[in-house]
Amino acid sequence: MVLQRIFRAVIMGPPGSGKGTVSDRITKTFGLKHLSSGDLLRSNIEAKTELGLLMRSCIDQGQLVPDDVISRLILKDLRLMVETSWLLDGFPRTVAQAEALDSVYTVDTVLNLDVPFQTIQERLTSRWVHLTSGRVYNTNFNPPRTTGVDDVTGEPLVQRDDDTPETVTRRLKAYQHQTEPVLEYYRSKGVLEVFSGTETNKIWPHVQAFLSKRLDSQKQKVVA
């Protein structure tokens, strides 16, 4: 499907909600350009840009990167995509960031993946990694042949610090606390669409149907 008019969307969801998979399917199905704030942040830090150095300084000092710095980073990239339909991932995360985005662009829709925290905890805490190769196993649906051991090398698997039960719980609570006001902000604007479920493959058809309908409607308005 090729878009007939610029369409701007935001996707939200806690870590482990399947946001990456859904974003990938949206870009492939509808041709939107996927812009991840995390990827953009990392690339700027690695390239040692002015904003990258500023963010590195904040991170090294254990500080949160200020809203205005994150907003400048994202908006700078979006200005290069004036004629492109896009899907923003990881931004905005605060109301201040949402207002900064709204001051420049009109967001057509905000997709929120509502996956129960218990489901996410089970997904993430079941993940084990072979550090040398990067091979990832999941004890629920992709377990190693021998518990705790890499299939290829026979070396021990480890659980990343981010995937321990305590860390996952802390990350999920932090996400909820930070983003609930953003969801309410978009809800009040009438552009928030919530997709609830426990499996990405069952959530995706609803996301696909919604976007197909929205884009068809928009295409008709352009024709009219």
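Predicted model: local features only at pLDDT ≥ 70, side-chain atom pairs only at ≥ 80, totals over all residues.
1. A word on the labels first: helices and strands here are DSSP runs, numbered from the N terminus.

2. Let's start with the whole chain. Eight helices and seven strands make it up. A compact globule of 224 residues would have a radius of gyration near 17 Å, and the chain comes in at 19 Å, which agrees. Taken along the principal axes, the C-alpha atoms fill a box of roughly 65 × 40 × 30 Å. Of the 224 residues, 42% count as buried.

3. Now for the largest pocket, which has a volume of about 1300 Å³. Its lining counts 37 residues, and those nearest the centre are Ser37, Gly38, Gly90, Arg93 and Gln178. Which elements supply at least two residues each to this lining? They are strand E1 (8-12), H1, strand E2 (33-36), helix H2 (37-47), helix H4 (67-78) and helix H7 (165-189). H7 has the largest share, with seven residues. Sorted by class, the lining of this pocket holds 14 nonpolar, 14 polar and nine charged residues.

4. The second largest pocket holds about 590 Å³ of space. It is lined by 24 residues, and Gly16, Gly18, Arg123, Leu124 and Phe141 are the closest to its centre. Two or more lining residues come from each of H1, helix H6 (117-125) and strand E6 (135-138). H6 gives the most, with four residues. The classes here are six nonpolar, 10 polar and eight charged. Notice that H1 turns up in this lining and in that of the largest pocket as well.

5. Phe141 deserves a look of its own, as one of the residues closest to the centre of the second largest pocket. You'll find Phe141 in the loop between E6 and H7. Is Phe141 buried or exposed? Its relative accessibility is 65%, and exposed means over 50%, so Phe141 counts as exposed. Arg123 is also among the residues closest to that pocket's centre. Phe141 and Arg123 are 18 residues apart in sequence, with 9.5 Å between their C-alpha atoms.

6. On to H1 itself, which runs over residues 19-30. Its 12 residues, at 1.5 Å a residue, should span 16 Å, and the end C-alpha atoms are 16 Å apart, so the two agree. The buried residues of H1 are Lys19, Val22, Ser23, Ile26, Thr27 and Phe30. Why do they sit on the same side of H1? Because they cover an arc of only 135° around the axis. The general rule behind this pattern is that an α-helix has 3.6 residues a turn, so residues three or four places apart point the same way. After H1 comes Gly31, with a positive phi near 80°.

7. Val65 has a relative accessible area of 17%, and buried means under 20%, so Val65 is buried. How far are the C-alpha atoms of Val65 and Met55 separated? The separation is 5.9 Å, for two residues 10 apart along the chain.

8. Two spots in the backbone are worth checking on screen. The first topic is Lys48, in the loop between H2 and H3. Lys48 is not a glycine, yet has a positive phi of about 55°. With a relative accessibility of 61%, Lys48 counts as exposed.

9. The other spot is the peptide bond from Phe91 to Pro92, which is cis, with omega near 0°. Pro92 belongs to the loop between strand E3 (86-89) and helix H5 (95-102).

Notes:
Residues numbered from 1 in each chain as written. Heavy atoms only, no water. Expected span 1.5 Å × (residues − 1). Buried < 20%, exposed > 50% of the residue type's maximum accessible area, 1.4 Å probe, protein only. Arc of directions from axis to C-beta. 1 Å grid on protein atoms, 1.4 Å probe; cavity = no way out; pocket = protein on both sides within 12 Å on 5 of 7 lines; lining within 4 Å. Points joined across faces, edges and corners; volume = space filled by probe spheres on them. Nonpolar A, V, L, I, M, F, W, Y, C, P; charged D, E, K, R; others polar. Rg over C-alpha atoms; globule rule 2.2 N^0.38 Å.
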